2 protein chains.
Amino acid sequence: MLMRASSVDQIILETLAKENAHLTSGQIYDQIRVRLPALNPSTVYRALERLAKSGKISISDMGTGSEVYESLENEAHHHLICQKCGRVYTINNDEVGQFFREVERSNQFKIKTNHLILFGLCSHCQ
Amino acid sequence: MLMRASSVDQIILETLAKENAHLTSGQIYDQIRVRLPALNPSTVYRALERLAKSGKISISDMGTGSEVYESLENEAHHHLICQKCGRVYTINNDEVGQFFREVERSNQFKIKTNHLILFGLCSHCQ
DNA sequence: ATCGCAAATGCAAATAATTGCATTATAATT
DNA sequence: AATTATAATGCAATTATTTGCATTTGCGAT
């Protein structure tokens, strides 16, 4: 009798929470595979879609070629990424928050983005 | 004798300029394929990487599942995308520009992002 | 508890994207 | 024009991701 894997959603959320980092879909699959070797890749990919659509996890493009996922439990944070050296800087939350509020007001739009990433050149590389 | 395709870079740039839109790597490959049926997919994918790295094209995540490429000839523009209905709104350039300048100043960082995308809920869907 | 439905999963096949390595083109130099 | 070095391309194999469809699970209604 084949033991059927329980819903992967919780496991994905645990994995992302534990890592507290930006993981690609492949990395997530590999991590979970260790615990549930029989789990099908499509199940994980579909679970990621589901979680993202329902707003439980976020998807970001950090310029590494593949998108990365992260838990939305962690608080909002925003990055500057240097396209030359790859360094990742954290932007002040208030600075971004103020901008967001202004955009929300002038566009009657409720912003959900909680991981803003801006690309460019850092002070060392300009 | 096999006719070798000339550099695809120019063709990609032409394609993106003509379309003046956001195309996925697959769409770009399909478009070019019509003109150069013998062209290898890896050549296109590598050309896209090359063009992006050298700053001739940009890559954006519009929440459709695959990243989209566009020409950097077109001027900067920024979007709000509703996660519920999918509508795409354009944000005022000045509003964003002002924020960018502030971030640049306080972080000594030169922002290159020319296509900011914020996700959330539009006025109809909140 | 049973039934029925919708959502989640497995599985296999199809696509898409990437990689390593050999080959060919391009441009610079002589 | 030949020579060399570098970058671009092709090709085949690999890996990653997606899709269609059958099956199974879980939940609410009966």
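# Close-up views of a predicted model

**View 1. Two chains line DNA strand D.** In chain A, α2 (25–35) and α3 each supply at least two residues of the surface near DNA strand D, and so does α3 (41–53) of chain B. This is a predicted model. The most comes from α3(B), which gives five residues to the surface near DNA strand D. In total, 21 residues surround DNA strand D. The closest are G26(A) and S42(A) from chain A, with S7(B), N40(B) and T43(B) from chain B. Sorted by class, the surface near DNA strand D has 10 polar, seven nonpolar and four charged residues.

**View 2. Chain A as a whole.** Chain A has four helices and seven strands. Follow the sequence and the pattern reads α-β-α-α-β-β-β-β-α-β-β. Along the principal axes, the C-alpha atoms of chain A fill a box of roughly 60 × 35 × 20 Å. Chain A has 126 residues, and 25% of them count as buried. Now take the contacts in chain A between residues at least 6 apart in sequence. Of these, 56% join residues at least 24 apart.

**View 3. Helices α1 and α3 of chain A pack together.** Helix α1 (residues 8–19) of chain A meets helix α3 (residues 41–53) of chain A at an angle of about 75 degrees. Their axes are 10 Å apart. How are α1(A) and α3(A) set to each other, roughly parallel or roughly perpendicular? The angle falls in the range from 65 to 115 degrees, and α1(A) and α3(A) are therefore roughly perpendicular. From α1(A) come V8(A), D9(A) and I12(A). They meet T43(A), V44(A), A47(A), L48(A), R50(A) and L51(A) in α3(A). The contact of α1(A) with α3(A) has six nonpolar, two charged and one polar residues.

**View 4. Chain A touches chain B.** Here 25 residues of chain A are in contact with 25 residues of chain B. On the side of chain A that touches chain B, β5 (88–91), α4 (93–107), β6 (110–111) and β7 (117–121) each supply at least two residues. Which of these elements gives the largest share? The answer is α4(A), with six residues. By class, this side of chain A divides into 11 nonpolar, eight polar and six charged residues.

View 5. Four strands form an open sheet in the order β5(A)-β4(A)-β7(A)-β6(B), and the pairing is mixed. At the edges are β5 of chain A and β6 of chain B, each pairing on one side only. Look first at the link between the chains. Here β7(A) pairs with strand β6 (residues 110–111) of chain B in the antiparallel sense, over two bridges. Find G120(A): the bridge partner of G120(A) in β6(B) is I111(B). Next, move to the pair within chain A. Strand β4 (residues 78–82) of chain A and β7(A) pair in the parallel sense over four bridges. In this pair, H79(A) has I117(A) in β7(A) as bridge partner.

**View 6. Strand β4 of chain B and its partners.** Is strand β4 (residues 78–82) of chain B largely enclosed or largely open? Four of the five residues of β4(B) are buried, so the strand is largely enclosed by the rest of the structure. One partner is strand β5 (residues 88–91) of chain B, which pairs with β4(B) in the antiparallel sense over four bridges. These two strands form a hairpin, with five residues between them. In the turn, G86(B) has a positive phi of about 85 degrees. Another partner is strand β7 (residues 117–121) of chain B, which runs parallel to β4(B) and is joined to it by four bridges. I81(B) shows both pairings. Its bridge partner in β5(B) is V88(B), and in β7(B) I81(B) stands opposite F119(B).

**View 7. A three-stranded sheet in chain B.** Three strands of chain B form an open sheet in the order β1-β3-β2, with antiparallel pairing.

Technical notes: Residues numbered from 1 in each chain as written. Chains lettered and ligands numbered in written order. Predicted model: local features only at pLDDT ≥ 70, side-chain atom pairs only at ≥ 80, totals over all residues. Axes fitted to C-alpha atoms, helices over the stretch in contact; angles between N-to-C directions. Parallel < 35°, antiparallel > 145°, perpendicular 65-115°, else oblique. Contact = placed C-beta atoms within 7 Å. Nonpolar A, V, L, I, M, F, W, Y, C, P; charged D, E, K, R; others polar. Pairing = 2+ DSSP bridges. Buried ≥ 20, exposed ≤ 12 C-beta atoms within 10 Å, placed from the backbone. Near = placed C-beta within 6 Å.
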